[in-house]
Amino acid sequence: MESEREDIQFFNSLTREKEKFVPIEKGKVKMYTCGLTVYDFGHIGNFRAFIFEDLLRRWLEYRGFKVTQVMNLTDVDDKAIKAARKNGVPLKEYTERYTKAFFEDVATLNIERAEFYPKATENVPEMIALIQKLMDKGYGYRGEDGSIYYEISRFKDYGKLANIKVENLKLGARVKTDEYAKEQAQDFALWKAWTDEDGEVFWEAPFGKGRPGWHIECSAMSMKYLGETLDIHCGGVDNLFPHHENEIAQSEAVTGKKFVNYWLHNEHLLIEGKRMAKSLGNYYTVRDLTAKGYHPKDIRYLLLATHYRQQVNFTFEGLEAAKNTVDRLTNFMHRLLEADGKSGGDQLGPLMSRMKSGFEAAMDDDLSVSEALASLFEFVKDVNILLDDNSLSKDEASEVCNLMAKFDKVLGVIGEIKKGEELPKEAEELIMKREEARKAKDWKTADAIRQQLKSMGILVEDTPQGVKWRIEKH
Ligand SMILES: [Zn+2]
């Protein structure tokens, strides 16, 4: 692991400037990332954010930081209640289904697990306590509908993240829904008094029967797991207002301390240049893409390779290109494993150090992943020339492999590459059995064996030259 560096820079949405990253506690990073509302499968826009956060986390780890990441799961809010009702399923049962799916998708896309995944419904007492404190301090009041609202004019810094001025706000106006536009900034709900639509979803609180608003959920959970001030808070730009603005207002009003030192927001994902929406028929979950036969590594690469503050334009051509790029890396690794040439002398050393410093400098500069990848591919090209020339010894190739593996710990797109393609004994026997079945024209058995091999990741093909097989990439 590399030593901790003093010159990592992040673009902080709060100051709208690139700043040197200095953690609260040396060598440690406390990071909060807004998670999924588990009322549906995560779409690729959600996973764009989670993959950016994964890259951030992996880069901090590369630089020697011990990261404590919290990603909440919103399992009670307007959207989840509505969806569960529509499907006639109790909220808990409904959200558990999508929570399970979420963790499957996290594994599919090779996203490192956060240290904590608190669920909103399991932290309601903490939310109630926080709302009580806000009321005691005069920030929370009861509206005529019985809900508890946050009085934004009481918080002098309101609007500092979204860059809106308090004098432009409609004072005294209230909004009960969780999401609204900047122009509609007004007092927002901390606790929503129970209504018929909530059905069986409610908790008892000193200020009445009801449920928490979405924003208080994140203030309560971040404070519980990470303390009153966080190093980094991430999320998509769509969460900047009102969600993150309201988190600041709630947390800072209670603690009197700065809530977050660095706010990092990722840009949207577009589909063929357009906004993704179910109504436009261009809405994709991770599952939709894998069902179409796309490999998770290719999806991960596509979502990863654009700088987080730029919009990703998802296209199927782009996904094909990502596949070719990942294949190029995998093939390079295979070549290295088989390399056994003469030494290239002093050719390799400078190439390796140039790639390493190029990659590191780019990533330190606000995670400039496209530049980091450019360094990596320049290096791959140069080493391929050495390989073509048979000028890479076994030891040199293994040094290159180690360096590639080190950066793949950050990128997570290559994975373990095994030397050669040797068939497991079991598979060899199956292929022979299948041959016998084919000779006996027992197509049913032959087909069943083919399926069995496929489930082992081995693809067989009958060609005029006989049976060919290959191991599917993992
Ligand atoms: Zn949040």
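**Note on the predicted model**

1. The lining of the largest pocket divides by class into 14 nonpolar, 14 polar and 13 charged residues. Here Ala, Val, Leu, Ile, Met, Phe, Trp, Tyr, Cys and Pro count as nonpolar, Asp, Glu, Lys and Arg as charged, and the others, Gly among them, as polar. The volume of this pocket is about 1,200 Å³. Of the 41 lining residues, Tyr 39, His 43, Asn 46, Lys 79 and Asp 238 are the closest to its centre. At least two lining residues come from each of α1, α2, α3 (91-108) and β10 (230-236).

2. On the terms of point 1: a pocket is an open set of points on a 1 Å grid over the protein atoms alone, where a 1.4 Å probe fits and protein lies on both sides within 12 Å along at least five of seven lines; lining residues have an atom within 4 Å of a point. Grid points are joined across faces, edges and corners, and the volume is the space filled by probe spheres set on the points. Helices (H or I, at least four residues) and strands (E, at least two) are DSSP runs, numbered from the N terminus.

3. On the source: this is a predicted model, in which local features need pLDDT of at least 70 and side-chain atom pairs count only at pLDDT 80 or more, while totals for chains, interfaces and linings use all residues. Residues are numbered from 1 along each chain as its sequence is written, and side-chain values use heavy atoms, with hydrogens and water left out.

4. The zinc ion has three protein donors to look up: Cys 34 (SG), Cys 218 (SG) and His 243 (NE2), at 2.1 to 2.2 Å from the ion. Along the chain the donors follow the spacing C-x183-C-x24-H. Cys 218 in helix α5 (residues 214-226) and His 243 in helix α6 (residues 240-255) are 25 residues apart, and this pair links distant parts of the chain. Donors are N, O and S atoms within 2.8 Å of the metal (3.2 Å for Na, K and Ca); water is not among the atoms, so sites may look incomplete.

5. Both Cys 218 and His 243 are buried. Buried means under 20% relative accessible area, exposed over 50%, and partly exposed in between (1.4 Å probe, protein chains only). Helix α6 also contains Pro 242. The peptide bond from Phe 241 to Pro 242 is cis, with omega near 0°.

6. The structure holds 34 salt bridges, each being a side-chain nitrogen of Lys or Arg within 4 Å of a carboxyl oxygen of Asp or Glu. One of them joins Asp 40 and Lys 278 (2.6 Å, N to O). Asp 40 lies in the loop between β3 (28-33) and α1 (44-62), and Lys 278 in the loop between β13 (274-275) and α7 (286-291), so the pair ties together parts 238 residues apart in sequence. Asp 40 counts as buried at 17% relative accessibility, whereas Lys 278 counts as exposed at 53%.

7. Lys 192 and Asp 78 form another salt bridge through their side chains (2.8 Å, N to O). Lys 192 is in strand β8 (residues 187-193) and Asp 78 in helix α2 (residues 78-87), 114 residues apart. Lys 192 is buried, with a relative accessible area of 1%, and Asp 78 is partly exposed, with 24%.

8. Within helix α11, Lys 381 and Glu 378 lie 3 residues apart, about one turn of the helix. Their salt bridge has its closest N and O atoms 3.7 Å apart. Lys 381 is partly exposed at 45% relative accessibility, and Glu 378 is partly exposed at 36%. Elsewhere, a network of salt bridges links Arg 57, Glu 61, Glu 112, Glu 115 and Lys 409.

9. Leu 367 is not a glycine, yet has a positive phi of about 55°. Leu 367 sits in the loop between α10 (348-364) and α11 (369-388) and is buried, at 2% relative accessibility. Asn 390, also not a glycine, has a positive phi of about 55°. Asn 390 is in the loop between α11 and α12 (394-411) and is partly exposed, with a relative accessible area of 46%.

10. An open sheet of 3 strands runs in the order β13-β12-β14, with mixed pairing. Two strands pair if DSSP finds at least two bridges between them. The edge strands β13 and β14 (312-314) each pair on one side only. Strand β12 (residues 269-271) pairs with β13 in the antiparallel sense over 2 bridges, and Ile 271 stands opposite Lys 274 in β13.
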